[in-house]
Every structure is written in C-alpha cells, then in structure tokens.
Amino acid sequence: MGQKSCDVLIAGGGPAGLAAAIALRQRGADVLVADALRPPIDKPCGEGLMPDSRRELARLGVNMDDRLGARFSGILFADGDARVRAEFPHGAGIGVRRPVLHHLLLDRATELGVRMAWNAPVVMKEQNAALVGGERCGFRWLVGADGHASRVRAWAGLDAANLRSRRFGFRAHFCIAPWSSYVEIHWGAQGQVYVTPVGPHEICVAAISRRSDVRLKAVIDSIPFLRNKLAGAQVSSAERGALTLTRRLHRVTRGNVALVGDASGSADAITGEGLAMGFRQALLLAESLGQGGLHLYESRHGSILALPQQMATMMLLLDRHAWLRRRALLVLAARPELFRAMLAVHVGEASLPRFLAQHGLQFGALLLAPQFA
Ligand SMILES: Cc1cc2nc3c(=O)[nH]c(=O)nc-3n(C[C@H](O)[C@H](O)[C@H](O)COP(=O)(O)OP(=O)(O)OC[C@H]3O[C@@H](n4cnc5c(N)ncnc54)[C@H](O)[C@@H]3O)c2cc1C
C-alpha cells in the first residue's frame, strides 16, 4: 500500500469541494481533492447560477462566458394566470449544464496545481489520515465536501442538526429553444417546477415536491402552461432525482475537520442558492485557514446560510398554502416594484431588514386587501 500526504485533504470533488480546493490553492495551500466518481460529474440540479453565484465564481478565477450556457435576466413566478416577473438589479444569471460547470472548476483547479484523485472514495481511518482510493493519505486539515449524506460529517460527530424541510427534486432536459429569458417558477397541485434555459436549444426542467412518489411528468402535467409548452419536446437527458433539504448543523467544524457545501447544511433547492453558498463557504474556509485555524469559518458559516434559509422558509410557506400564494402573486403582479425589491434581497444586493422596514407593512396590508382575495 502506497502513502500520500497533503496539507488539506478534501473529500468530495463536486462544486463545493473543487471551489474549496481552488480557494485554498489561491492562498498557496497544498491540496488534494478526492472523489468517488470520475469527472465530469453530473448531478440532479436546476442548473441556474444567479448573478451572485457568478460573482463568487469570478472571485475563484472562474469566468462564466454566456456562450457556455444561456443567460437569464431575472425570475418569473406563475400560478395559473397569476404571474409576476422581475429583472436582477445588476448582471445576469446563467443556466449551465452541471458537467460543463464541473469541467470549468476542474480546469481552474488544474491550472492552480491542485492534486486530484478520481474514482477514489475517501474512507476515514484516524485523526490525521484517511484511505483515498485504498491508499493511506496523511493530512493536516480534512474538508468534508461529500454532499448532503456526508460520511466525513458522521465520522467527525457533526451530524447534529435542525432539519426544517425535506423535499424531493427531479430534473430532465428538453430539446426546445427557451421561450423566456427568465428562470420560470411554476406552481401546480403536485409541486413546483422551475425552468432554466441552458443553451440556445435546450432547457433544464426541475420539479420539487413534498411527495416522493410523484415524478417530473406528473408535476409538469399538473401545470397546463408547461404541459402545452413541453408537449412533443424531445427529452435530452434521463430523469434524475435527489433529496433537497433545509438543514442547519449545530457545528460545521471539529478539531481539524471542516464541512463545506451541502455537507455543511443547505437551503431548499427552490432558492437556487446552493452553489453560491458552497462557493462562499469555500472562500471563507480559505480565509479562515489563512488565519491559521477554523475559528473564523465556524463563526461566520451561519451567516452564509441565513438569507437563503429565510427565503426557503418563505417559498415553502407559499408552497404549502395555495390561497396565500395566489394572493401574494396577485399583490406582486399589481406592485412589481415589490417583487423587484425582493429579488434584489435574494441575490444579496439589498438587505432583508431594510426591505421589511420599507415594504413589510405595505405588503402585509395588501395581502389582506379585499381586491386580492
Ligand atoms: C433538484 C435540485 C435542483 C437544484 N437546483 C439548483 C440551482 O438551480 N442552483 C443552485 O445553485 N443549486 C441548486 N441545487 C443545489 C445544488 O445542486 C447543491 O447545493 C450542490 O450540488 C452542492 O454541491 P456539493 O459539492 O456540496 O455536493 P455534491 O454536488 O453532492 O458533491 C458531493 C461529491 O462528493 C462525492 N463523495 C461523496 N462521498 C464521498 C466519499 N466518501 N469519498 C469521495 N467522494 C465522495 C460525490 O461523488 C460528489 O461528487 C439543486 C439541488 C437539487 C437536488
């Protein structure tokens, strides 16, 4: 059996693991990333990178050219005939297939000299060593970027958490020219569907439901607008599913172990912020280790999760109560400036307390107003 060693071992080479490797390497650390799979790694995802995700990627030296996917300029909510849309205050989002994103992160990591091991599951052994693809590897720091069912998290005794929501996500791609320059979120009786343009002739359709026994087609069919749009469109990727959770861990570090990405907590996929959070955590982790330890990371990690989780709570409330959702959409359609302001909060360009102070009372009063009943 051979022997490897590194300063930082990252278990999991998905977006959060590669982002952490890049951020750490940008600060000169000796990093080894190991993943049980081979690249490019695909994963069920809505594939929308909001403008804030693109900004975090730029800080990692990954520039997303619009030609890599399809640009979108804002968000549209629809529930039957109630519709509202708003543009992002600055910049645009991009819909990009997961393997393309993975490839870009991989290229950047390679350029910086990150060491990588693929088809190499990480199995924990002891405090400062693991098996990487069956080979012993010593490390000073261990980063668990191994997704929402993280083994590193369990091994480090960091599983204690508050689980706020648990839903099921499914996605497939369709060969059809995007009909909209927005990410569209449609509500139906079986769940929500969001449609992200990912190319000039392709869209990603993701459905999220509280029920595990429904599938993408059933959710699409429950929404007449989408059923009509997608009727006859060729499916270009097999349907895949995954859990999506809103979860906050009690701690994200212990000793020399830190968690990033979904392993460290998450917000329901409908927020479209999972990737951005992983990129932010990666940058924060590098800053923290640059200061010699994990204290900064532990103390600031929660603030990265806070806003997306608050937004998830709001979206789940709308999901649970059809009457509230319809009223909210009618109010926002009548006052599009409120939806614009909300979107600015969502992408981190305005503060939630300020939004609530400026618009909270007005929004609440409108929700109760008889004309929106
Ligand atoms: C249906 C759905 C739609 C979504 N839509 C969006 C969206 O539009 N925008 C957005 O920003 N986010 C979205 N998300 C969330 C986003 O996909 C996740 O937040 C993101 O994938 C998390 O990345 P990660 O690197 O933490 O985890 P993962 O992508 O899960 O990567 C974990 C990696 O760890 C590896 N691994 C696991 N165990 C081991 C082991 N023992 N040893 C070695 N490797 C291991 C796995 O092979 C995997 O490659 C969506 C999620 C779902 C489910």
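Helix axes are lines fitted to C-alpha atoms over the stretch in contact, and angles between N-to-C directions run from 0 to 180 degrees. The structure is a predicted model, in which local features need pLDDT of at least 70 and side-chain atom pairs count only at pLDDT 80 or more, whereas totals for chains, interfaces and linings use all residues. Residues are numbered from 1 along each chain as its sequence is written, and side-chain values use heavy atoms, with hydrogens and water left out.

Helices (H or I, at least four residues) and strands (E, at least two) are DSSP runs numbered from the N terminus. The axes of helix α10 (residues 336-346) and helix α11 (residues 352-368) come within 11 Å and cross at roughly 145 degrees. The crossing of α10 with α11 is left-handed, a term used if the near helix is turned anticlockwise from the far one by less than a right angle, with clockwise giving right-handed. On the α10 side the contact (heavy atoms within 4.5 Å) is made by L338, A341, M342 and V345, and on the α11 side by L352, F355, H359, Q362, F363 and L366. Eight of these residues are nonpolar, two are polar and none is charged. In this classification Ala, Val, Leu, Ile, Met, Phe, Trp, Tyr, Cys and Pro are nonpolar, Asp, Glu, Lys and Arg are charged, and the others, Gly among them, are polar.

Grid points are joined across faces, edges and corners, and a volume is the space filled by probe spheres set on the points. The second largest pocket has a volume of about 320 Å³. Its lining consists of 17 residues, of which M314, M342, F355, L356 and F363 are the closest to its centre. Helices α8 (295-320), α9 (322-334), α10 and α11 each supply at least two lining residues, and α11 gives the most, with six. The lining of this pocket has 15 nonpolar, two polar and no charged residues.

One cavity of 30 Å³ or more was counted. The largest cavity holds about 50 Å³ of space and is lined by P178, W179, S180, Y182, E184, V195, T196, P197 and I203. Strands β13 (182-188) and β14 (191-199) are the elements that give two or more residues to this lining; β14 gives the most, with three. Six residues of the cavity lining are nonpolar, two polar and one charged.

Four aromatic pairs were counted, where rings of Phe, Tyr and Trp (its six-membered ring) pair if their centres lie within 6.5 Å, and planes under 30 degrees apart count as stacked, over 60 as edge-to-face and the rest as tilted. The ring centres of F72 and F88 are 5.9 Å apart and the planes are at 55 degrees, so this pair is tilted. F72 belongs to strand β4 (residues 70-72) and F88 to the loop between β6 (82-87) and β7 (93-95), so the pair ties together parts 16 residues apart in sequence.

The peptide bond from P39 to P40 is cis, with omega near -5 degrees. E47, although not a glycine, has a positive phi of about 65 degrees.

Notes. On a 1 Å grid over the protein atoms alone, a cavity is a set of points where a 1.4 Å probe fits but cannot get out, and a pocket is an open set with protein on both sides within 12 Å along at least five of seven lines; lining residues have an atom within 4 Å of a point.
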